[in-house]
Amino acid sequence: MSDRELVVLGTASQAPTRSRHHNGYLLRWDGEGLLFDPGEGTQRQMLLAGVTASQVTWICITHFHADHCLGLPGVLQRMALDQVPHVVDVCYPAENREVFTRLRHAALFRDVLNLRERPVGVNGAVFAGSTFRLEAQRLSHSVPAVGYRLAEPDGRRMLPDRLAAAGIAGRDVGRLQREGRLMAGGRLVTLEEVSEPRRGQRVAFIMDTRLCDAVFALADQADLLICESTFADADAGLAREYGHLTAGQAGRIAAESGARLLVLTHFSQRYDHDPGGAQRLADQAAAAFGGEVVLAADLDRIPVPARRSATPG
Ligand SMILES: [Zn+2]
């Protein structure tokens with residue numbers, strides 16, 4: 001099992017179907033679990049996916065339409081029931097703090113949760129830690145909405161052949177990484193000589209929105225881009241009217257942003273009755289984007305693509 005992967009809990013927009021639960025996604029990132037947009041039924045989907053309440057360390061809500069948040073009461077109460085001891089950070093559009101509070105207290109329970117609310121009011125960094133930095137951008141939907149971007153800090157990859165040539169091994173490798181230079185074999189060796197730049201991995205999460213500058217900022221050079229594609233290209237008028245993307249637009253975002261893996265999700269129920277309906281969405285995205293396109297299905301596990309070997313651009 002990969003240490004960094006997307007666990008798809010649900011993939012339907014607006015109304016669930018026989019084969020698709022409401023939205024919901026857990027991004028596993030080393031020891032962290034970021035739960036995005038828990039729609040109705042997320043608690044049970046977590047059970048089916050083998051995700052426990054205690055694995056969740058962050059909850060990121062893009063907006064407060066039902067398909068993105070009605071699972072919150074169940075998930076939060078399950079966390080309380082399981083007595084999750086750690087702090088859970090919660091992000092959501094700042095204008096709708098009251099809606100979050102209502103969802104948290106939608107039913108009566110013994111609230112022993114340790115939540116740290118981080119309402120998102122402006123574009124930019126929400127959090128910066130050692131394994132990732134979380135950024136948010138305001139989207140263009142019918143209600144306040146934000147997209148998220150998770151970026152690992154850039155680092156350096158040690159090159160074993162150059163380390164060996166310089167006669168550096170064992171604990172000295174760690175010392176060189178910490179201190180940036182080291183005396184070895186009678187000469188000064190710098191970190192740059194025996195390593196190469198390693199770009200941090202990047203994941204973007206874009207839900208309900210029209211095309212806007214923010215989606216390109218979020219998706220920039222993303223290794224994994226999770227993007228709503230509510231409508232087929234033929235329904236572009238509906239997409240614009242209701243503040244959504246078409247599959248073709250999702251493909252365009254991925255292409256223009258230099259993304260690597262595009263995961264399409266948040267499908268309208270209108271395509272579920274037609275056997276080829278969902279596949280057509282993938283084809284439309286692929287027409288605009290030459291990279292890999294995955295049509296998300298409930299309970300999929302999608303690893304974050306392995307690092308690029310190229311140097312940071
Ligand atoms: Zn939605």
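**Exercise 1. The buried face of helix H2**

Task: Determine which residues of H2 are buried and what covers them.

Solution. Step 1: In H2, the buried residues are Leu72, Pro73, Val75, Leu76, Met79 and Ala80. Buried means under 20% relative accessible area, exposed over 50%, and partly exposed in between (1.4 Å probe, protein chains only). Helices (H or I, at least four residues) and strands (E, at least two) are DSSP runs, numbered from the N terminus.

Step 1: The cover over these residues includes S3, H1, S4, strand S5 (88–93), H3 and S6.

Step 2: After H2 comes Gln83, with a positive phi near 50°.

A note on the model: it is predicted, so local features need pLDDT of at least 70 and side-chain atom pairs count only at pLDDT 80 or more, while totals for chains, interfaces and linings use all residues. Residues are numbered from 1 along each chain as its sequence is written, and side-chain values use heavy atoms, with hydrogens and water left out.

**Exercise 2. Two helix partners of H2**

Task: Describe how H2 packs against H3 and against H1.

Solution. Step 1: The axes of H2 and helix H3 (residues 97–104) are 8 Å apart, at an angle of about 55°. Axes are lines fitted to C-alpha atoms, for helices over the stretch in contact, and angles run from 0 to 180 degrees between N-to-C directions.

Step 1: H2 and H3 are therefore oblique to each other. Angles under 35 degrees count as roughly parallel, over 145 as roughly antiparallel, 65 to 115 as roughly perpendicular and the rest as oblique.

Step 2: From H2, Leu72, Pro73 and Leu76 make the contact, and from H3, Phe100, Leu103 and Arg104. Contact means heavy atoms within 4.5 Å. By class, five of these residues are nonpolar, none is polar and one is charged. Here Ala, Val, Leu, Ile, Met, Phe, Trp, Tyr, Cys and Pro count as nonpolar, Asp, Glu, Lys and Arg as charged, and the others, Gly among them, as polar.

Step 3: The axes of H1 and H2 cross at roughly 60° and come within 7 Å, and this pair is likewise oblique. Thr42, Gln43 and Met46 of H1 meet Gly74, Val75 and Arg78 of H2. The contact of H1 with H2 has two nonpolar, three polar and one charged residues.

**Exercise 3. The zinc site**

Task: Identify the donors of the zinc ion and explain why their arrangement is irregular.

Solution. Step 1: Asp67 (OD), His68 (NE2), Asp208 (OD) and His266 (NE2) coordinate the zinc ion at 2.0 to 2.2 Å. Donors are N, O and S atoms within 2.8 Å of the metal (3.2 Å for Na, K and Ca); water is not among the atoms, so sites may look incomplete.

Step 1: The four donor atoms subtend angles of 90 to 165°, which makes the arrangement irregular. Four donors count as tetrahedral if all angles lie between 85 and 135 degrees; four count as square planar and six as octahedral if opposite donors are over 155 degrees apart and all others between 65 and 115; anything else is irregular.

Step 2: The sequence spacing of the donor residues is D-H-x139-D-x57-H. His68, in the loop between strand S4 (58–60) and helix H2 (72–81), and Asp208, in the loop between strand S14 (202–206) and helix H6 (213–219), are 140 residues apart and link distant parts of the chain.

Step 3: His68 is buried at a relative accessible area of 0%, and Asp208 is buried at 2%.
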